[in-house]
Amino acid sequence: MSKGSFLNASVGRKFLMSITGLFLIMFLLVHMSINLLLIFDDSGDLFNIAAHFMATNPFIKIIEPVLALGFAIHILWSIIITIQNMRARPVKYLKSNQAVNSTWASRNMFILGAMLFVYIGIHLYNFWWKMKFAGDPLLEHITVMQAGVPVEMENAYALVATLFKESVIYDIVYIIGGVLLGLHVSHGFWSAFQTIGFNNHIWRKRLFVLAQVIGAIFAIGFSVIPLYFLIKF
Amino acid sequence: MADVILKKIYVKVWRQNNVRAKGRFETYEVENISQGSSFLEMLDILNDKLIREGKDPIAFDHDCREGICGTCSLYVNGRAHGPDRDITTCQLHMRKFNEGETITIEPWRAGAFPVIKDLMVDRTAFEKIQQAGGFVSVNTGGVPDGNAIPIGYEDAEEAMDAAACIGCGACVATCKNSSAMLFVAAKVSQLAKLPQGKVEGKRRAKAMVAKMDELGFGGCTNTGACELECPKGISISHIARLNREYLKAKFSD
Ligand code: SF4
Ligand code: FES
């Protein structure tokens with residue numbers, strides 16, 4: 001197979017978008033599940049144990065660069081595809097009534113993606129950067145009892161919880177981020193299956209409904225955390 | 001039913017002298033149009049008036065005027081083939097419009113469909129895609145042989161549904177990316193399910209997608225707008241089949 005022509009072909013490019021997109025969705029499901037521990041244990045132990053596990057697990061170490069690559073490809077290819085698609089219509093319509101034939105999310109995937117990109121930047125700076133490189137006094141090591149054994153670990157809970165308790169602005173940013181992600185996935189999920197050819201007139205309704213459900217789960221799952229801290233503290 | 005007459009409507013149309021010229025919108029008044037008349041008849045009446053006034057009539061494509069040839073186009077009030085489902089512009093009626101309304105008419109807009117004049121666009125790009133692989137060139141025998149090869153009901157139906165495509169280009173016109181995927185999917189799908197077409201399936205999918213890309217159509221982002229504006233209701237499930245055919249062909253290279 002000539003790789004060059006495949007990745008330059010419209011369907012090939014979209015194939016990459018789909019595969020990376022589905023991979024990112026899987027990552028986000030894991031990520032969200034761990035995050036939700038934040039609101040089920042105000043002492044923070046549960047979340048700290050999970051975060052510690054993620055930070056030290058060798059499997060996660062391997063996945064991390066793959067994940068970064070997944071994001072990079074998804075973002076870069078989306079830019080290439082969007083530019084190509086915009087070029088395909090040099091003169092725009094004066095009047096275009098697309099609301100009657102397609103969903104808003106499906107027409108605005110690139111804009112949603114661009115907003116998510118900004119959001120991810122803020123998010124990485126808030127937590128990932130501090131946990132991995134810069135450090136933060138809030139992260140000072142604590143000892144948590146794990147299966148009867150005391151384990152020393154970073155207090156990741158303090159870093160996250162403090163941000164959400166103290167900044168209404170960040171709460172709002174994270175709530176919006178969750179909703180944007182939900183919208184993005186509500187189209188992206190079924191669209192990915194369509195692009196890799198896994199679809200027909202029976203599956204398409206199922207996949208579409210499933211996409212709306214997963215989108216809603218993401219939107220609620222991610223934004224309920226800042227909302228919890230906003231209301232409770 | 002008594003005939004309702006639209007006393008006065010306004011038609012805002014795209015005028016462009018030739019491929020290279022810069023286009024512009026012009027608004028015309030049209031009087032006394034029966035709501036029972038077709039949209040193209042309304043344009044005929046307007047053109048008649050323009051000719052009497054010594055002006056250049058509006059060029060637009062049309063041929064069969066019964067929804068089977070795919071020649072008529074027009075982006076009416078922001079929608080391909082106007083504000084109705086599963087019809088071509090020649091099947092659009094004036095009862096869809098109101099007294100005093102301004103109707104905006106634009107040509108199909110896509111880089112791959114250059115405007116020839118006013119509302120006429122050049123859709124040769126579709127023919128080029130077809131010529132790249134939308135045919136069967138193996139020996140399939142004569143009519144008796146065709147009848148002797150059994151084809152399942154579902155497969156036959158799927159193929160016939162795809163074959164309903166009239167090549168009008170509404171899918172490209174309505175797609176935010178000017179993608180021709182629905183058209184190509186229909187042309188690949190009408191043969192992919194049949195034993196006569198299967199033989200060249202791989203070559204066909206690859207060649208037609210390559211041609212479509214080369215001609216400057218955009219990529220499909222699955223908004224699904226094409227299927228709702230397609231006069232023949234071609235389903236985007238066929239696009240999934242095209243993707244499948246294409247990926248299978250590429251991965252087995
Ligand atoms: S797929 Fe539908 S909209 Fe596209 S060219 Fe064929 S008939 Fe027209
Ligand atoms: S003129 Fe033939 S389909 Fe409209």
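A polar contact is a pair of N or O atoms within 3.5 Å, where within protein one atom must be able to donate a hydrogen and the other to accept it, and where residues adjacent in sequence count only if both atoms are side-chain atoms. The legends below describe a predicted model.

**Figure 1. The interface between chain A and chain B.** Counted by the definition above, 31 residue pairs, both members at pLDDT 80 or more, are in polar contact between chain A and chain B. On the side of chain A that touches chain B, the elements that contribute two or more residues are α1 (3-8), α2 (10-36), α5 and α8 (168-195) of chain A. The residues of this side of chain A comprise 13 nonpolar, 19 polar and six charged ones. In terms of contacts, 38 residues of chain A meet 50 residues of chain B. The size of an interface is often given as the accessible area lost when the parts come together. Between chain A and chain B the buried area is about 3,700 Å², with 52% of this area coming from carbon and sulfur atoms.

**Figure 2. The salt bridge across the interface of chain A and chain B.** The rule finds one salt bridge between the two chains, and it is formed by the side chains of A:Arg204 and B:Glu227, with an N to O distance of 2.7 Å. Over all chains, a search of the whole structure gives 21 salt bridges.

Figure 3. When neighbours within four places in sequence are left aside, the residues in contact with A:Asn101 are B:Thr174, B:Thr223, B:Gly224, B:Ala225, B:Leu228 and B:Glu229.

Figure 4. B:Arg52 counts as exposed at 69% relative accessibility, whereas B:Asp48, with a relative accessible area of 38%, is partly exposed. A further salt bridge, at 3.1 Å from N to O, joins the side chains of B:Lys55 and B:Glu53. B:Lys55 is partly exposed at a relative accessible area of 46%, and B:Glu53 is partly exposed at 41%. Elsewhere in chain B, a network of salt bridges links B:Arg15, B:Asp56, B:Lys117 and B:Asp118.

**Figure 5. The buried face of helix α2 of chain B.** Helix α2 (residues 124-133) of chain B has as its buried residues B:Ala125, B:Phe126, B:Ile129 and B:Gly133. Seen down the axis of α2(B), these buried residues fall within an arc of 105°, and so they line one face of the helix. Among the elements of chain B that cover them are α5 (170-174), α6 (181-192) and α8 (201-214).

**Figure 6. B:Phe113 and its contacts.** B:Phe113 is placed in the loop between β5 (102-106) and β6 (115-117) of chain B and counts as buried at 1% relative accessibility. Between B:Phe113 and B:Ala125, which are twelve residues apart in sequence, the distance from C-alpha to C-alpha is 7.1 Å. Apart from neighbours within four places in sequence, B:Phe113 is in contact with B:Trp108, B:Val121, B:Asp122, B:Arg123, B:Ala125, B:Phe126, B:Gly169, B:Val172 and B:Phe217; B:Ala125 and B:Phe126 are also among the buried residues of α2(B).

Key:
Residues numbered from 1 in each chain as written. Chains lettered and ligands numbered in written order. Predicted model: local features only at pLDDT ≥ 70, side-chain atom pairs only at ≥ 80, totals over all residues. Heavy atoms only, no water. Buried < 20%, exposed > 50% of the residue type's maximum accessible area, 1.4 Å probe, protein only. Helix = DSSP H or I, 4+ residues; strand = E, 2+ residues; numbered from the N terminus. Arc of directions from axis to C-beta. Contact = heavy atoms within 4.5 Å. Buried area = accessible area lost by both parts, 1.4 Å probe. Salt bridge = Lys/Arg side-chain N within 4 Å of Asp/Glu carboxyl O. Nonpolar A, V, L, I, M, F, W, Y, C, P; charged D, E, K, R; others polar.
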